[in-house]
Amino acid sequence: MKEKLSLIASNALEEIRRAKSSSELDNIRVKYLGRKGELTGILKELRNLPVEIRAETGKLGNEVKSSIEKALDEKISYLKEIEKQEKFNKDILDISLPGRALRLGKRHPVTQTLDEVTSVFLRLGFHIEEGPEAELDYYNFEALNIPKDHPARDMQDTFYIFDEVLLRTHTSPVQIRTYLKQKPPVQIIAPGKVYRRDADISHLPMFHQVEGFHVDEGITFADLKGTLETFIHKMFGSEVGLRFRPSFFPFTEPSAEVDIACVICKGKGCRICKNTGWIEILGCGMVDPDVFKRVGYNDEKYTGYAFGMGIERITMLRYQIDDIRLFFENDMKFLTQF
Ligand code: DAH
């Protein structure tokens, strides 16, 4: 019996030593330690032995069993380690490979210009106000001195929602809303979307404007000029030529439009500036006393200026873009250039 046990022990340990995979080890475990295994069979015979040697042989049998178990466990963890190492060598991590570049999003060029315009005026002491895009006819037109028969109210130009409600055609109604809730001094810019029934290479049914106005005692046209000159120099560089040209708006008197020297031909004359050398970039003027009367401002005591500009247009001039529709086609090739 003892010889049988030591033979089993040496055979089993040798087989374990030679095993090259965990499935081979499983088979060895079944062969010796399974319910019908060689060692299990011998241990069952123990009870037939004479008492004198039963205990001693039993002890040896248990030692053989645990040495086989121990050898199996050690070999399994050894093989696992090897397998891990092999997998590691195969999936080797090459830390010198260049990474995949993340594509960073960019702000839309119109948003960039809008933010820049806003920040210039914030530094000049203006505050931001906003108004609704669906606006009352009264604020968009009537209160701004644009009577019912004015051409700007033509159904061609305005999106009406109801008789007295429309999509605002400019940001000027924010003037009225501000005057009605706030006494002078007011120094406000009002950025936002505006809507007109229009669509070609320089017009869209929706675009952005920034309105500005400053009302207080003693505000003059010189304040308007100084403010706009500072603004234009910040946006287009301090060398850019600019001029105030007399114009007309129903809600300002006197009114002017501001031109800058053509950014394409530098004032020599080209297709973009229609050979005039100048490009109009905004409208402005001194707020008409009639507007003040309507909102309950004392027009003897207070004066103020106002201006309004189109943001798409300014963006087009800064980046020399000749078709406004490019802004809203969502073409990544266009948008990633800014
Ligand atoms: N609201 C005018 C427009 O949409 C622009 C404008 C002109 C605004 C003169 C003003 C201004 O505040 O004084 O064309």
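**The ligand shell and selected helices and loops**

By class, the shell around the ligand is made up of five nonpolar, eight polar and two charged residues (Ala, Val, Leu, Ile, Met, Phe, Trp, Tyr, Cys and Pro count as nonpolar, Asp, Glu, Lys and Arg as charged, and the others, Gly among them, as polar). The model is predicted, so local features need pLDDT of at least 70 and side-chain atom pairs count only at pLDDT 80 or more, while totals for chains, interfaces and linings use all residues. Residues are numbered from 1 along each chain as its sequence is written, and side-chain values use heavy atoms, with hydrogens and water left out.

In total, 15 residues surround the ligand, a residue being near a molecule when one of its heavy atoms lies within 4 Å of it. The closest are His170, Ser172, Arg196, Gln209 and Glu211. Ser172 puts a side-chain N or O atom 2.9 Å from a ligand nitrogen. Arg196 brings a polar side-chain atom to 2.8 Å from a ligand oxygen, and for Gln175 the distance from a polar side-chain atom to a ligand oxygen is 3.3 Å. On its own the ligand would expose 360 Å², and the protein buries 89% of that (areas by the Shrake-Rupley method with a 1.4 Å probe; for residues, only the protein chains shown count as cover). Strand E6 (206–216), strand E9 (278–287) and strand E10 (303–310) are the elements that give two or more residues to the shell; helices (H or I, at least four residues) and strands (E, at least two) are DSSP runs, numbered from the N terminus.

The expected span here is 1.5 Å times one less than the number of residues. Buried in H8 are Leu224, Thr227, Leu228, Phe231, Ile232, Met235 and Phe236, where buried means under 20% relative accessible area, exposed over 50% and partly exposed in between (1.4 Å probe, protein chains only). Seen down the axis, these buried residues fall within an arc of 135°, so they line one face of H8; the arc is that of the directions from the helix axis to the C-beta atoms. Ala222 and Lys234, on the other side of H8, are exposed.

Helix H5 (residues 109–123) has 15 residues and should span 21 Å, which agrees with the 21 Å between its end C-alpha atoms. Its buried residues are Pro109, Val110, Gln112, Thr113, Leu114, Val117, Thr118, Val120 and Phe121. After H5 comes Gly125, with a positive phi near 100°.

Asn145 has a phi of about 70° and sits in the loop between helix H6 (137–140) and strand E3 (160–162); with a relative accessible area of 16%, Asn145 is buried. Asn330, with phi near 55°, belongs to the loop between H10 and H11 but is exposed, at 57% relative accessible area. The loop between helix H10 (311–319) and helix H11 (332–335) also holds Asp323, which counts as buried at 18% relative accessibility. The Asp323 side chain reaches the backbone nitrogen of Arg325 at 2.9 Å.

Then there are the cis peptide bonds. One runs from Pro184 to Pro185, with omega near 5°, and Pro185 is in the loop between helix H7 (173–181) and strand E5 (186–195). Another runs from Glu253 to Pro254, with omega near -5°; Pro254 is part of strand E8 (residues 252–261).

Two residue pairs round out the picture. Glu63, in helix H4 (residues 51–90), counts as partly exposed at 43% relative accessibility. Glu63 and Gly285 are 222 residues apart in sequence and 107 Å apart in space, C-alpha to C-alpha.

Technical notes. Polar contact = N/O pair within 3.5 Å; in protein donor to acceptor, adjacent residues only side chain to side chain.
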